[in-house]
Amino acid sequence: MTGSQKCSLSSVLCPPPDIDRFGATAYIAAMAVREILILPDKRLRQVSAPVKKIDAGIRKLVEDMFESMYDAPGIGLAAVQVGTPKRVVTMDLSKKEETEKNPQVFINPEIVWSSEEKATYEEGCLSIPEFYEEVERSAQVKVKYLDLEGKTHQVEANGLLATCLQHEIDHLNGVLFIDHISKLKRDRVVKKFTKAAKRAATEGRRAEVGDDP
Ligand code: NI
């Protein structure tokens, strides 16, 4: 998820200079920014599988997801958006005036309760760049999930966290936020992104041909 006006990550992307540079660099070198799938990529519609064991592969996936999310920048990312259909979500809702990052991981997150009361937020998504639309969702949710140590937690969320959790858990079920807007608006954005993908593919092919001796 991207937060339009609410959350900019510009400050957390530029850590203060007194941070141990060598350490930070060594850490970043181990991680990789993965390509984020863009609408209308069909892989975004896959239903993600539960994580059975939190092993080195999952820990690497989480590191790469944070790297990709901060690089984008976005405030939430589901593993399926980087092409790995597993039930893993990363999030950082720290405000731009806060210098500390607040990375959060939700493994196998599950909504166990949602309020009747609704809240509307203008949402965005790293898989649908530069498109924002208001979405109505439950104002509060209770979400059960595992942390990276495999420990079970339950969070009672409201505000941006509640919206973001519902947005990301939707991804794990192959649902995009545009599925919650009017058909007219959805058709329009899907058409725009489908055209752009076709144009990029054609240009890619031309470039390949051009590279031939
Ligand atoms: Ni999204």
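**Buried and exposed sites in the predicted model**

N108 counts as buried because 20 C-beta neighbours lie inside 10 Å of this residue, where buried means 20 or more other C-beta atoms within 10 Å of a residue's own, exposed means 12 or fewer, partly exposed covers the range in between, and C-beta atoms are placed from the backbone. The model is predicted, with local features requiring pLDDT of at least 70 and side-chain atom pairs counting only at pLDDT 80 or more, whereas totals for chains, interfaces and linings use all residues. Residues are numbered from 1 along each chain as its sequence is written.

N108 is found in strand β3, strands being DSSP runs of E of at least two residues and helices runs of H or I of at least four, both numbered from the N terminus. Although N108 is not a glycine, its phi is positive, at about 50°. E130, in strand β5 (residues 128-138), is also not a glycine and has a positive phi of about 60°, but E130 counts as exposed because it has 7 C-beta neighbours inside 10 Å.

Two peptide bonds are cis: the bond from L39 to P40, with omega near 5°, and the bond joining A72 and P73, with omega about -10°. P40 is placed in the loop between α2 (21-30) and α3, while P73 lies in the loop between α3 and β1.
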